[in-house]
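Please keep the sequence and the model at hand while reading.

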Amino acid sequence: MYYNVYQPIFYESQVVYYEVFLRKNGIANIYEHIESIVNKPLFDYENILRIVEKKHENTMKFMINIHPDSLLNKDFVSRMLTHSALFNWICFELTEQEVSSENVFNLVENLNVLKKAGAKFALDDFGAKFSNMNRLISFDFDFVKIDKCFLQNISKSYFSFNILVNLLTSIINCYPDAIIIIEGIENDIQANYIDTIEKFLKRKFLRQGFYYGYPVEKTDVSCSRLCIDKSKIQNKKNDIWEGIYNRITKNVNADADIELFSHIERGALSDVLFEIENMNTHFLLKNNSSDIIYNNKISRDFLGITEFSIGRSKLSSVNKGYIKCIESDNAFVNSNLTMNKVHEIFDGKPFNVYRINITDDRSLFLSVISADSPDIYRDYLTGFYTRHDYNSYEWMRTISFLDLDNLKALNDNKGYEYADEMIKKFSRSLRTNLRESDVIVRHGGDEFIVFHDTLDISSIEKRMKIINRELKGYIQFSYGISFKEGSIEDSISNASRIMQLNKKAK
């Protein structure tokens with residue numbers, strides 16, 4: 001008579017699965033007995049039904065070993081698909097040494113069919129006789145179970161400890177999404193080794209062994225929902241290595257990235273640097289020519305580059321908006337400030353930018369950038385920025401000052417709603433006809449300022465005339481255009497003065 005026993009699998013002191021072990025009265029070696037069975041697919045199917053017939057609580061989850069012959073059998077796969085509801089609480093285990101190379105293609109094909117229906121799979125006893133990384137690459141396993149052989153001599157041999165650390169490191173690097181289960185933990189010393197390895201690799205493992213629970217005939221503890229925070233276990237080095245790999249694949253020189261990575265890897269601040277690489281704030285290390293020595297992932301994604309380091313000329317050709325940053329960088333480098341904070345608009349988005357000098361000769365500085373500056377607000381009517389500190393616009397070369405004609409008369413004669421509609425119409429035309437790189441600010445009720453990064457005043461004036469022609473019969477505006485001369489406030493005042501002269505001349 002066959003029966004099952006169940007051993008708990010723990011994650012952070014909670015039972016998350018039970019592994020099912022088959023037993024038979026009068027049989028000492030169940031594994032030899034199973035190998036002697038001819039129809040293994042039918043045998044596995046009946047064992048699964050035996051678990052179902054036990055009518056366990058819905059909170060129970062089980063890992064059940066099946067023979068590769070079962071996964072190769074179309075009838076077994078079809079039967080499992082008719083019982084797909086079981087996939088919510090059953091995970092199938094395949095033992096590594098039972099998977100033969102000649103059957104890999106068909107096994108993978110049927111495994112993927114079941115996975116699409118919701119099934120989960122674990123690679124069991126990984127490393128028991130040999131550790132074949134190809135098994136991890138070929139199969140989309142949800143779990144990898146590390147065989148107990150790695151723990152048997154760990155307290156007596158540093159070599160065993162080092163082999164386990166390197167094996168786990170390789171699995172994490174090659175197969176970062178797999179959940180790792182350490183089997184065969186039998187005492188507190190072995191548990192302490194796993195604690196240490198978890199801290200070193202910054203990765204949490206599931207645990208199984210006599211130290212946590214013996215196989216029992218009855219499952220009396222409900223399984224907790226397995227919820228692993230991927231952000232905590234993700235190997236941050238893997239992202240960098242993958243980027244290097246992709247550049248080599250595309251025949252792009254990756255020497256600079258490899259050199260940077262090797263410095264980080266050897267450095268005492270490697271953990272800090274990996275935190276910087278993955279944080280949500282833009283972090284850039286630049287020289288006094290605005291060449292980027294290093295920029296983190298969020299910065300690279302925003303700039304549309306893959307390089308950790310890139311020269312200003314190359315970056316400016318890839319992203320025209322970087323020219324504005326160069327102007328602001330130069331202003332900081334040529335100042336005597338150790339640090340400054342400015343508001344900048346980049347690709348039409350507001351940022352808080354902190355520049356921090358880190359060398360005596362001002363040859364290197366940090367640029368730390370946070371998006372969505374709380375000090376810059378959008379005008380609800382036009383969608384343009386409202387009046388704020390303009391001292392950050394060091395990059396601008398020309399300023400336009402615009403003033404709507406007779407807006408007060410429109411308010412008095414036709415009402416605020418009509419006047420608001422005219423402001424909206426004016427704003428839409430302004431946005432349509434000006435360049436994407438032009439930054440528009442609603443300076444006051446009927447006053448608008450536009451910051452331009454060009455010296456081509458004739459082109460700006462042409463656009464202003466087009467806008468006035470579009471708005472003829474609705475609303476008109478007067479404007480003044482001035483090069484940047486002296487401070488930004490002086491330049492705004494000069495553009496405003498020219499606007500007033502043009503208004504009086506109408």
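## Asparagine 153 and its loop

Asparagine 153 is found in the loop that lies between β6 (143–146) and α7 (158–174). The model described here is a predicted one. With a relative accessible area of 42%, asparagine 153 counts as partly exposed, because that class runs between the cut-offs of 20% for buried and 50% for exposed.

In sequence, asparagine 153 and glutamine 190 are 37 residues apart. In space, their C-alpha atoms are 9.6 Å apart.

## The largest pocket

The largest pocket holds about 1,000 Å³ of space. Its lining consists of 34 residues, and those nearest the centre are Glu19, Phe21, Tyr31, Asp124 and Asp125. Two or more lining residues come from each of β2 (14–24), α1 (30–36), α2 (40–53), β3 (62–65), β4 (90–95) and β5 (120–126).

Which element gives the most to this lining? The answer is β2, with 5 residues. Sorted by class, the lining of the largest pocket comprises 12 nonpolar, 9 polar and 13 charged residues.

Strand β11 (residues 339–346) pairs with strand β12 (residues 349–357) in the antiparallel sense, over 8 bridges. Within this pairing, asparagine 340 has arginine 355 of β12 as its bridge partner.

Strand β12 also pairs with strand β13 (residues 364–371), again antiparallel, over 7 bridges. Here asparagine 357 stands opposite phenylalanine 365 in β13. The two strands β12 and β13 form a hairpin with 6 residues between them. In the turn of this hairpin, arginine 362 has a positive phi of about 60°.

## The cavity

How many cavities of 30 Å³ or more does a search of the whole structure find? The search finds 1, and the volume of the largest cavity is about 170 Å³. A total of 16 residues line the largest cavity, of which Phe302, Leu303, Cys325, Phe346 and Ile369 lie nearest its centre.

The strands β11, β12 and β13 each give two or more residues to this lining, as do β9 (282–287), α13 (297–303) and α15 (322–333). By class, the lining of the largest cavity divides into 10 nonpolar, 3 polar and 3 charged residues.

## The five-stranded sheet

An open sheet is formed by 5 strands in the order β14-β16-β17-β15-β18, with mixed pairing. The edges are taken by β14 (385–386) and β18 (477–483); each has a single partner strand, so one side of each is left without a neighbour in the sheet.

Inside this order, β15 pairs with strand β17 (residues 447–452) in the antiparallel sense over 6 bridges. One of the bridges joins serine 400 to valine 450 in β17.

## Helix α16

Which residues of helix α16 (residues 407–414) are buried? They are Leu407, Leu410 and Asn411. These residues lie on the same side of α16, because they cover an arc of only 100° around the axis. In general, an α-helix has 3.6 residues a turn, so residues three or four places apart point the same way.

The buried residues of α16 pack against β15 (398–404) and α17 (416–433). On the other side of α16, Lys408, Asp412 and Asn413 are exposed. Just after the helix, glycine 415 adopts a positive phi of about 95°.

Conventions. Residues are numbered from 1 along each chain as its sequence is written. This is a predicted model: local features need pLDDT of at least 70, side-chain atom pairs count only at pLDDT 80 or more; totals for chains, interfaces and linings use all residues. Side-chain values use heavy atoms; hydrogens and water are left out. Two strands pair if DSSP finds at least two bridges between them. Helices (H or I, at least four residues) and strands (E, at least two) are DSSP runs, numbered from the N terminus. Buried means under 20% relative accessible area, exposed over 50%, partly exposed in between (1.4 Å probe, protein chains only). The arc is that of the directions from the helix axis to the C-beta atoms. Contact means heavy atoms within 4.5 Å. On a 1 Å grid over the protein atoms alone, a cavity is a set of points where a 1.4 Å probe fits but cannot get out, and a pocket is an open set with protein on both sides within 12 Å along at least five of seven lines; lining residues have an atom within 4 Å of a point. Grid points are joined across faces, edges and corners, and a volume is the space filled by probe spheres set on the points. Ala, Val, Leu, Ile, Met, Phe, Trp, Tyr, Cys and Pro count as nonpolar, Asp, Glu, Lys and Arg as charged, and the others, Gly among them, as polar.
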